[in-house]
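Here is a short tour of a protein model for someone new to reading structures. Keep the 3D view open and find each residue as it comes up.

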Amino acid sequence: MNKLELIQPLLLTGIAGILMGIAAEPWGLWGLAWVALVPLWVNILSNFTLPKPWLSWGILAGFKTPLILALVWGIGYYGTALFWITGIHPMTWLGVPWLASLAITIFCWSFITLWGTALVIIWTGLFVILSAQLSQRFSQISLALTRVLIATVLWCGLEYLWSSTTLWWSSLSYTQSFGNLIILHLGQISGPTTITATLLIVNGLIAEGFILNRDQYYAQTPDQKSYLLLILAVLFFILAHGLGLILYSIPLEKNPENALKVGIIQGNIANEVKLNYAGFQQALNGYTTGYITLANQGVDFVVTPETALPFFWTDPNQRQNSSFYQAVLRQKVPAIVGSFALKAGGYTNSLFSMDRDGNIIGQYDKVNLVPLGEFIPFNEILGKFISRLSPLEATLIHGQPNQQFQTPFGQATVGICYDSAFANHFRHQTAQGGEFLITASNDAYYSSTILAQHHALDVMRAIENHRWTIRATNTGYSAFIDPHGKTQWMSNKNTYQLYADTIYPNQTQTLYVRWGDWLMPVLLIAGITLFLLKIDRFPRLN
């Protein structure tokens, strides 16, 4: 293929990647995700040239075009979906020079975009290799269905591996949140993998139907079977939503005896002032006043955002001398406080659970720290580079996995900010007895577009765990979410707000909570089995 012939598929594939990006919040055009993978699928299979024999160095040349297409689609998707990170610029308020801040911002955006794009490139390479080994002795429909299963297994498997690292955010599944609550209920079956697999299958069936119909057209051998794949895509789409609707329609239990009235304080403290004395006093006064107001409204407990009170809550002098702590002693209303905890070698970003007498009865330390912000991944490689650009030091310590968080009203499933991207983090806590879900975050560092995306992730976690969810944020969006993912209330952004609502703790365990991501090994076994049955055991050497 010459350069001119490559322009059209590159352009179409790049646009498709961008469309997948705007399927996610804050644009929320979730319907695009059901077709946005089709151009990449069609183009990589149409522009892969298998050398003869295929076991040769020449195969690298055959890969060139598909991998370029994967690169373009990946940059389009991840670059668009993760563009909010550019909001960290300028960081002059932290003492970072303007040009250095710009360099850090470009590096961070490029790094996380290419990290996600690497998933697409690896998927493409493996997909075309395995597709090339399928025997042509079977029917075209059979081979197409086999390719759909193989592609689905590969993508879900790679997302599983990526989500096991410290750098993860943009699963294809989150393109459906929070607009398509029906399909999000498939997350109760086997977590995000269920939704990603459904998206892959529908996109794949449409792509394979297009390929088969096009090939038959050029071969002048029209066959009505070519439309079977498109019909299957529609049927699978309908059946998936039908199953989601059944789960969505299950009535929620609202036992008045279990009801808890919870208050949220959205402090709206700008990061630019939070680190100086005036900002500290503003935070302390705002949260103390908000706490007293909510306590007088008769709430059972109050929740504050991530690092709402920017001092070491484990230091008795700092805690007991604060106006917030003294208000708790007077009002006798428990509180969940976002602050810091001193540890050997550094400190943790933590949530503290206080009873009505001000005693700390629970502590959760943030497990998933923000790469390049709260810690430096691959520190041996990137540490020196980052230190040249910025005077900042990442001294936060990771919290231990499998923590349990006790409150005066039972055990809670909790996460701080970036934890929201990791579904398994919440599943483990719910399986261990978490009866309601609390997330605390501060997204003021980034562009406001992250607010909707972060809320979308918490909507997914609420549905997967079937838990009433409390979102306390610094600048928005704070919210109450029911177990069906319906947002009962959402705050405005960049405003100081107080709000109280009722939640209903429960001990229901979804299939995902009980068994985890069981669909992944099932897909893997099915994919390997079918591939071995369809493989061409006699490679064509000429």
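Cys 417 has a relative accessibility of 7%, so it counts as buried, the cut-off being under 20%. Keep in mind that this is a predicted model. You'll find Cys 417 in the loop that runs between β7 (410-416) and α15 (423-431). Its phi angle is near 50 degrees, which is a positive value in a residue other than glycine.

His 466 also has a phi near 50 degrees, again positive in a residue that isn't glycine. Look for His 466 in the loop between α16 (449-465) and β9. With 14% relative accessibility, His 466 counts as buried.

## Around His 484

Now move on to His 484, in the loop between β10 (479-481) and β11 (487-490). Is His 484 buried or exposed? Its relative accessibility is 5%, so His 484 counts as buried.

What does His 484 touch, leaving aside residues up to four places away in sequence? The list is Leu 181, His 185, Leu 247, Tyr 248, Ile 250, Leu 252, Ile 463 and His 466. With Tyr 248 there's a polar detail to spot: the backbone oxygen of Tyr 248 sits 3.2 Å from a polar atom of the His 484 side chain.

## Two cores

The largest nonpolar core has 84 residues, and the ones touching the most other members are Trp 41, Trp 73, Trp 123, Trp 155 and Trp 169. Helix α5 (residues 140-162) gives the most to this core, with 10 residues. Apart from this core lies another one, of 25 residues, including Leu 284, Tyr 291, Phe 311 and Tyr 325.

Zoom in on Trp 73: not counting residues up to four places away in sequence, its contacts include Met 20, Leu 40, Val 120, Trp 155 and Leu 172. Helix α2 (residues 38-46) is mostly covered, with seven of its nine residues buried. Among those buried residues are Leu 40 and Trp 41.

Leu 145, Tyr 227, Leu 228, Leu 230, Ile 231, Leu 232 and Leu 235 make a nonpolar surface patch of about 560 Å². Helix α9 (residues 228-248) supplies the largest share of the patch, five residues. Leu 232 lies in this helix, and at 30% relative accessibility Leu 232 counts as partly exposed.

Tyr 477 is in the loop between β9 (469-473) and β10.

Methods: Residues are numbered from 1 along each chain as its sequence is written. This is a predicted model: local features need pLDDT of at least 70, side-chain atom pairs count only at pLDDT 80 or more; totals for chains, interfaces and linings use all residues. Side-chain values use heavy atoms; hydrogens and water are left out. Buried means under 20% relative accessible area, exposed over 50%, partly exposed in between (1.4 Å probe, protein chains only). Helices (H or I, at least four residues) and strands (E, at least two) are DSSP runs, numbered from the N terminus. A nonpolar core is a set of buried Ala, Val, Leu, Ile, Met, Phe, Trp, Tyr and Cys residues joined through side-chain atoms within 4.5 Å. Contact means heavy atoms within 4.5 Å. Patches are made of residues with over 30% relative accessible area and no salt bridge: like charges are joined within 9 Å, nonpolar side chains (Val, Leu, Ile, Met, Phe, Trp, Tyr) within 5 Å. Accessible areas come from the Shrake-Rupley method with a 1.4 Å probe; for residues, only the protein chains shown count as cover. A salt bridge is a side-chain nitrogen of Lys or Arg within 4 Å of a carboxyl oxygen of Asp or Glu. A polar contact is a pair of N or O atoms within 3.5 Å; within protein, one must be able to donate a hydrogen and the other to accept it, and residues adjacent in sequence count only if both atoms are side-chain atoms.
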